[in-house]
Amino acid sequence: MANQEIIRYIKEQAAGGASPERVKDALKAVGWPEKEIMEALAAVEASGGFAAPAAGRPEEIRAIRSALDELNRRLARLEAGGAPLSQAAAPRELKKEEKVFSIREGAVPPEMLPSSSSFEPPRESVETKITGKWFAGLGILAILVGIGFFLKYAFENNLIGVTGRIILGVVVGLVLLVLGDILSRKEKYKQFSFFISGGGLAVLYLSIYAAFNYYHLISQTAAFIFMILVTAAGAILSLKSSGKILAGISLLGGFLTPFLVSTGTDNQIALFGYITVLNLSFLGVSMFKKWNGIYVLNFLGTYATFFSWLASYYAEEKLAPTIAFLTLFFVIFLLAPFLTSILRRIKSENEDVILSVLNAGSYFITAYVLLKPDYEPYLGFFFVLWAALCLAGASLISRSNPEDKTGVLALGGIGLVLVTVAVPVQLSGMWITVAWAVEAALLLWFGFGLKSAGIRTFADIVSAIAVVRLFFFE
């Protein structure tokens, strides 16, 4: 039976002239399952819900038609070379992107029809979320707990040998993955399938970990390779089924792998090489799916692993590879949020800006601390170089996707901050104030030349910093 809440919403929008496609897209955007949407649309269409949008408020529709008739007549006179319209009689100036619709056939575009209801679609009810998603997670958790109790009993009573236990775990994990893939093809079971597949990935990770760490059946290299394969399988399945939950489980398992197979000895190149493979895989996913939650998880996992290694194993002779890998991580996370903007013309979001700033802050603070003992005289040039690269990236976004003002401001803002920070890093004394004053003047000039309020605002901030330093510190 069709969902009554969706039916009520569809009828409201049909009365206002909205098309079925627009209503369907709005409902899908807030998470309603496609099957429920189609059932409700079918029920409304069967009752004639999308028949004639013009019935409802005829006096307003007649007024719209009359205004459009007058506008069409005036435009026809202009096209025929008639006298220009007076300022008083002329209709309001139309923007280039606005369309003028002919009503010779008596049709009024649906988007111009009056509507008393908001187009904000209803959200999924708490009951739907509990039955459709939370119970799915609890169900797979119950299955895993049941399997765990059975295996515990079998192991304690030696019903299954060591090798048999590992084989059983791998088989169960693969079966869950296959079952999840099959269920993901049916809309009704799609949400549940993600938990099934995620449970399969968890069982495989635990089986490989047990084979290496507890029973010593495989070497560290073999365990590492198997876990990479499991992570890759999870990434492929998540892309295939558009499962963000599955991608998150796979990525989390991927970052836990080095800790699970660690022997307590340092292997920097292998560790950071593995993290780089994970990041490049994430970069590939970013070209197809804009999953901000996965971006956050990947960002936190990468820097948590890096700083964990830094605290335990870093030594001065390892500076070059450490800076090289840190820079590689920074570049990947700098590109990832804006790939969809450059390649697919999708506007950047506020979350992209926040994560880009956190990425830049983590990188430059860490790089400054590591490089300062041996390369302090060159750090200013280091910051200016990266500032130029960030500004070039902002220019690339501006040319590729002019509508993405957020992305341009994000990279451009990082570049301008780096230039400003480079001044006290490289200079000293009064030259810091002089350099900031010159920077503020140049930014103000560029801001007026490019008609950019953002650049002018940043120029005002730098000017204020220079004035404060002049009067209070010099």
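Reader: Which residues of H12 are buried?
Author: In this predicted model, the buried residues of H12 are Leu 319, Thr 322, Ile 323, Phe 325, Leu 326, Thr 327, Phe 329, Phe 330, Ile 332, Phe 333 and Leu 334.

Reader: And how far does H12 reach from its first C-alpha to its last?
Author: H12 reaches 24 Å over its 17 residues, which is close to the 24 Å expected at 1.5 Å a residue.

Reader: What about Leu 335, buried or partly exposed?
Author: Leu 335, which lies in H12, counts as partly exposed because its relative accessibility is 42%, and buried would require under 20%.

Reader: Switching to Glu 439, where is the nearest side chain of opposite charge?
Author: That side chain is Arg 469, 12 Å away, and Glu 439, a residue of helix H17, is buried yet has no salt bridge.

Reader: So what is Glu 439 in contact with?
Author: If its neighbours within four places in sequence are left aside, Glu 439 is in contact with Leu 416, Val 419, Thr 420, Val 423, Phe 458 and Val 462.

Reader: Which residues form the nonpolar patch on the surface?
Author: The patch is formed by Leu 427, Met 430, Trp 431, Val 434, Val 438, Leu 442, Trp 445 and Phe 446, and together they have about 830 Å² of accessible area. Among them, Phe 446 is placed in helix H17 and is partly exposed, with a relative accessible area of 42%.

Methods:
Residues are numbered from 1 along each chain as its sequence is written. This is a predicted model: local features need pLDDT of at least 70, side-chain atom pairs count only at pLDDT 80 or more; totals for chains, interfaces and linings use all residues. Side-chain values use heavy atoms; hydrogens and water are left out. Helices (H or I, at least four residues) and strands (E, at least two) are DSSP runs, numbered from the N terminus. Buried means under 20% relative accessible area, exposed over 50%, partly exposed in between (1.4 Å probe, protein chains only). Lys and Arg count as positive and Asp and Glu as negative; His and the chain ends are not counted. A salt bridge is a side-chain nitrogen of Lys or Arg within 4 Å of a carboxyl oxygen of Asp or Glu. Contact means heavy atoms within 4.5 Å. The expected span of a helix is 1.5 Å times one less than its number of residues. Patches are made of residues with over 30% relative accessible area and no salt bridge: like charges are joined within 9 Å, nonpolar side chains (Val, Leu, Ile, Met, Phe, Trp, Tyr) within 5 Å. Accessible areas come from the Shrake-Rupley method with a 1.4 Å probe; for residues, only the protein chains shown count as cover.
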